[in-house]
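Here are a few notes to read alongside the structure. Have the sequence open as you go through them.

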Amino acid sequence: EDFINVYASYGENGGPKEECAACNVYAQYRTVDGLCNNQKNPSFGKSNSLFARLNDENGNKIFDYADGKGLPRVAKNGDELPNARLISQAIMDEDLGPPIQGDKIRSAQVVSHGQLVAHDIIKTNIPSFAENDCCKNPNKDDRDFCFPLQIPENDPDLPAGCLNFVRAKGVKDNNGVRQQINQATAFVDASVVYGSTPELTKTLRVPDSFLLKTDDNLLPTPAGINNCFNPVKPKKCPVAGDSRVAVVPMLNVQHLAWHREHNRIASELHILNPHWKDETVFQEARKIVIAMFQHITYNDFLPLIIGQASMVRFGLFSRDVNEGVFSDCYDADINPQVMDAVNVAAHRFGHSQVTNFQNLVDDNYNTVAIKVDDVFESPQLVQQNNGTNIPLIARNLACSASNRIDNFIVDGIRNRLNRIPEPPGSDIVARNIQRGREQGVSGYNKWRELCSLEPIKSFKAFGKYWKALSELYNDPDDIDLFVGGLLEKDPEFNVGPTFQCLLGFQYQRIKQGDRFWYERPNQVFSFTKEQLRSIKENARISKILCRNLGINRISKNMFLLPQKEWNRIIPCDELPDIDLSLWKEQLSYS
Ligand code: HEM
Ligand SMILES: [Ca+2]
């Protein structure tokens with residue numbers, strides 16, 4: 001049974017002309033930018049191609065712009081939609097929720113890995129915020145460029161009036177309709193580690209070597225690239241495969257762990273196979289890192305977000321090693337590109353898991369509280385004293401709870417987001433809502449319909465929020481997807497049915513549309529049976545973070561809070577390891 005109507009399919013996917021070049025059918029490794037992953041449509045899933053829209057039964061793209069071309073969505077009756085900040089205040093203020101919003105089983109590592117994967121598959125091209133102030137500059141009336149937020153009078157936290165918001169770069173498709181550009185590869189391919197363009201990969205790599213660059217054993221800080229959005233605090237700026245590496249320290253150390261894991265694996269492969277060229281060592285290590293990243297993301301992370309039933313329904317679990325090692329679900333007709341609804345709403349579910357604190361936890365489990373809004377874009381917290389805080393951040397990832405997925409978003413990111421270089425900062429909820437509208441993403445009910453769920457006919461369906469919603473919106477069809485989606489409940493605290501459908505469908509396409517999916521047999525790039533088995537049995541997020549972030553003990557499954565019986569804190573050495581000797585090439589003398 002298909003959640004998404006059979007009619008809904010992907011539209012054409014524009015891309016630059018270079019893609020006319022023929023693909024190398026015998027390529028052993030995926031390209032950095034995803035080009036030629038699909039040999040019939042070389043730009044499927046490629047970086048810098050357009051986000052996907054679903055098609056209706058007549059093959060027309062599904063979107064909702066006020067003028068049908070590119071102006072932000074308005075209400076069904078033609079009025080402006082309700083003020084995004086007012087919605088945020090009335091529905092998503094953490095003070096409206098229960099006093100304790102922590103999840104009982106999910107750790108902060110779920111949140112951080114979620115952000116890392118989000119950044120692996122999604123990066124909207126948005127003109128720089130710092131250089132373009134839509135409240136001040138001469139372009140402020142340009143509706144193609146600006147869509148500022150309006151903070152109402154008497155707002156308790158943000159100053160009334162205009163708050164900057166720049167629209168995503170627009171590209172006209174063949175019908176003259178505004179589309180947006182995804183700068184990341186849509187594949188789950190560790191592009192957060194290696195970059196989504198050959199130029200960035202080159203910057204990250206040590207020339208003539210299999211290693212990624214480091215600076216004092218930390219992420220590299222090459223001159224000439226400045227990803228640091230905070231211009232005030234003097235510091236070195238870390239560079240990784242994605243420019244948002246330092247949004248918060250917990251994300252920063254995810255990048256660091258995978259970066260170090262590449263160098264560890266590459267160094268071992270080099271010792272095992274001294275005759276291999278540097279390039280071979282680099283690419284073989286990259287291939288193993290990507291396989292681990294895919295395995296962990298699909299089998300250990302995603303079930304905690306969309307739940308067991310949706311995992312099974314969309315065929316997202318890898319094949320159980322007891323039933324066989326290889327598995328082939330590849331379908332060359334599938335375009336893995338991320339769809340608009342997943343970009344602007346469904347995959348932003350993680351914003352409700354974020355907590356107000358990014359604490360440091362020492363070896364005796366003493367905690368130093370650090371507020372999230374004090375450490376946005378603060379790589380110095382990770383870098384200082386040669387990285388002495390790194391193990392303390394890692395322990396916090398394992399030991400502190402994520403917040404529940406619900407309609408409450410903490411003040412740290414809802415009132416004080418990115419107060420850089422100085423207050424007032426912004427509201428992540430208002431931004432997400434505004435982002436959905438400016439990209440012409442259809443309202444919540446449309447997505448329910450596409451997911452074969454009953455559209456909501458009355459505000460009453462939303463329980464205690466019906467009144468607030470009915471005072472804000474004219475019609476249930478006007479409700480923004482981010483708002484409606486997070487108001488849905490799931491008994492196991494996964495995302496609700498609409499986001500399960502959208503994320504399940506998206507991750508299915510990313511898996512089935514990936515020619516290089518790690519489980520595939522009989523290809524020039526396939527692992528051996530023994531190698532794949534070793535990856536499947538031993539790839540663990542706990543092992544990767546434990547061995548690379550300077551801690552000695554860790555919970556067996558870091559995505560879950562430590563627990564005496566089944567998720568004890570154990571020495572890292574007791575966690576299983578991938579057997580890299582399986583990559584030792586048997587030289588034959590013929
Ligand atoms: C740790 C705190 C986090 C902060 C401070 C943060 C902040 C932001 C900001 C400022 C944006 C841009 C909003 C816009 O203008 O469109 C954004 C986008 C986004 N966030 Fe987060 N976020 C956090 C965690 C997460 C998590 C945990 C997830 C998912 C599990 C997530 C998923 C996304 C996605 C998918 C986007 C859209 C990205 C794009 O358009 O390129 N974020 N976030
Ligand atoms: Ca990617």
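1. One term first: a residue counts as buried if 20 or more other C-beta atoms lie within 10 Å of its own, with C-beta atoms placed from the backbone. Keep in mind too that this is a predicted model. Now take helix H10, residues 390–399: it is mostly covered, with 10 of its 10 residues buried. Among them are Ile 390, Pro 391 and Leu 392, but also Arg 395 and Asn 396.

2. Next, the ligand. How many residues surround ligand 1? There are 22, and the closest are Gly 114, Gln 115, Thr 124, His 347 and Gly 350. By type, the shell splits into 9 nonpolar, 9 polar and 4 charged residues. Two helices, H2 (108–121) and H12 (428–438), each put in at least two residues. H2 gives the most, with 4.

3. His 351 deserves a look of its own. The UniProt entry, which is unreviewed, has a "binding site" annotation that covers His 351. You'll find this histidine in the loop between helix H8 (340–344) and strand S7 (360–361). Is it buried or exposed? His 351 is buried, because 25 other C-beta atoms lie within 10 Å. Setting aside residues up to four places away in sequence, His 351 touches Ile 409, Ile 413, Ile 428 and Asn 432.

4. On to the largest nonpolar core, which has 147 residues. Val 289, Ala 341 and Leu 502 touch the most other members. Helix H6 (residues 278–301) gives the most to this core, with 11 residues. As for Ala 341, its contacts beyond four places in sequence are Ala 346, Val 441, Trp 447, Leu 481 and Leu 502. As background, nonpolar side chains tend to be buried together in soluble globular proteins.

5. What does Arg 85 touch, not counting residues up to four places away in sequence? The answer is Leu 149, Ile 151, Pro 152, Asp 155, Asp 427 and Ala 430. Take Pro 152: Arg 85 and Pro 152 are 67 residues apart in sequence, yet 7.7 Å apart in space, C-alpha to C-alpha.

6. There is also an open sheet to trace. This sheet has 3 strands in the order S1-S6-S5, with antiparallel pairing. Its edge strands are S1 (49–50) and S5 (170–172), each of which pairs on one side only. S1 and S6 (residues 178–182) pair over 2 bridges in the antiparallel sense. If you want a place to start, Ser 49 has Asn 182 in S6 as its bridge partner.

7. Last, two backbone angles. Asn 48 has a positive phi of about 60°, although it is not a glycine. Asn 48 sits in the segment before S1 and is partly exposed, with 19 other C-beta atoms within 10 Å. Tyr 365 is also a residue other than glycine with a positive phi, near 60°. Where is Tyr 365? Look in the loop between S7 and strand S8 (367–368). Tyr 365 counts as exposed because it has 10 other C-beta atoms within 10 Å.

Conventions:
Residues numbered from 1 in each chain as written. Chains lettered and ligands numbered in written order. Predicted model: local features only at pLDDT ≥ 70, side-chain atom pairs only at ≥ 80, totals over all residues. Near = placed C-beta within 6 Å. Nonpolar A, V, L, I, M, F, W, Y, C, P; charged D, E, K, R; others polar. UniProt positions renumbered as here; feature names shortened; annotations may be inferred. Buried ≥ 20, exposed ≤ 12 C-beta atoms within 10 Å, placed from the backbone. Contact = placed C-beta atoms within 7 Å. Pairing = 2+ DSSP bridges. Core = buried A, V, L, I, M, F, W, Y, C linked by C-beta atoms within 7 Å.
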